[in-house]
Amino acid sequence: MAMSDYMRRIREKVGHDLLLLPSAAMAVFDEEGRVLVGLHADHNIWILPGGLIEPGESPADAATRETWEETGLIVEPLAVIGVYGGPDLFVDYANGDRAAYIGIVFRGRIAGGEPRPDGAEILELQYFS
């Protein structure tokens, strides 16, 4: 997905400098206890569906929105699994932007939709043990 207007305005002011960014993700499990992950287009790694929390948006709403955008699934957040940060969540982007994410991960339940990767950020969806 393209950079939001909010992030574009921030980047215009700070350039490529490191930003601490709030994010939210959704862990959705199937009947066998496997978690749904997507193959990230830019980094070629498997990730939970999720992304930035926009101004005025709750973390749960952000995780729900991002999951819908990336997977086509309507998901109900049930509980917070954890809050994560640190060196493992530092990202250097190809354009030179640097980010350090603080991620809130929710357990979610599928309430509707059909699984399909968005083709822009997520190339493939799979459940893993």
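I began with strand E2, which is joined to E8 by 5 bridges, the two running antiparallel. The model is predicted: local features need pLDDT of at least 70, side-chain atom pairs count only at pLDDT 80 or more, and totals for chains, interfaces and linings use all residues. Residues are numbered from 1 along each chain as its sequence is written, and side-chain values use heavy atoms, with hydrogens and water left out.

**Entry 1: the sheet.** I took strands (E, at least two residues) and helices (H or I, at least four) as DSSP runs numbered from the N terminus. Two strands pair if DSSP finds at least two bridges between them. The open sheet has 3 strands in the order E3-E2-E8. E3 and E8 are the edge strands, each with a single partner, so one side of each has no neighbour in the sheet.

**Entry 2: cover on E2.** Is E2 (residues 35-40) mostly covered or mostly open? I found 6 of its 6 residues buried, where buried means under 20% relative accessible area, exposed over 50%, and partly exposed in between (1.4 Å probe, protein chains only).

**Entry 3: cores.** I used nonpolar core for buried Ala, Val, Leu, Ile, Met, Phe, Trp, Tyr and Cys residues joined through side-chain atoms within 4.5 Å. The largest has 13 residues, and Ala24, Met26 and Phe106 have the most contacts inside it. Strands E1 (18-28), E5, E7 (98-113) and E8 (122-128) and helix H2 (59-71) each give two or more residues to this core. E1 gives the largest share, 3 residues. A second, separate core of 6 residues includes Leu21, Leu52, Ala99 and Tyr101.

I then listed contacts (heavy atoms within 4.5 Å) for Met26. Leaving aside neighbours within four places in sequence, Met26 touches, among others, Leu48, Ala63, Val75 and Phe106.

**Entry 4: an exposed residue.** Where is Val83 found? Val83 is in strand E5 (residues 73-84). Val83 counts as exposed because its relative accessibility is 57%.
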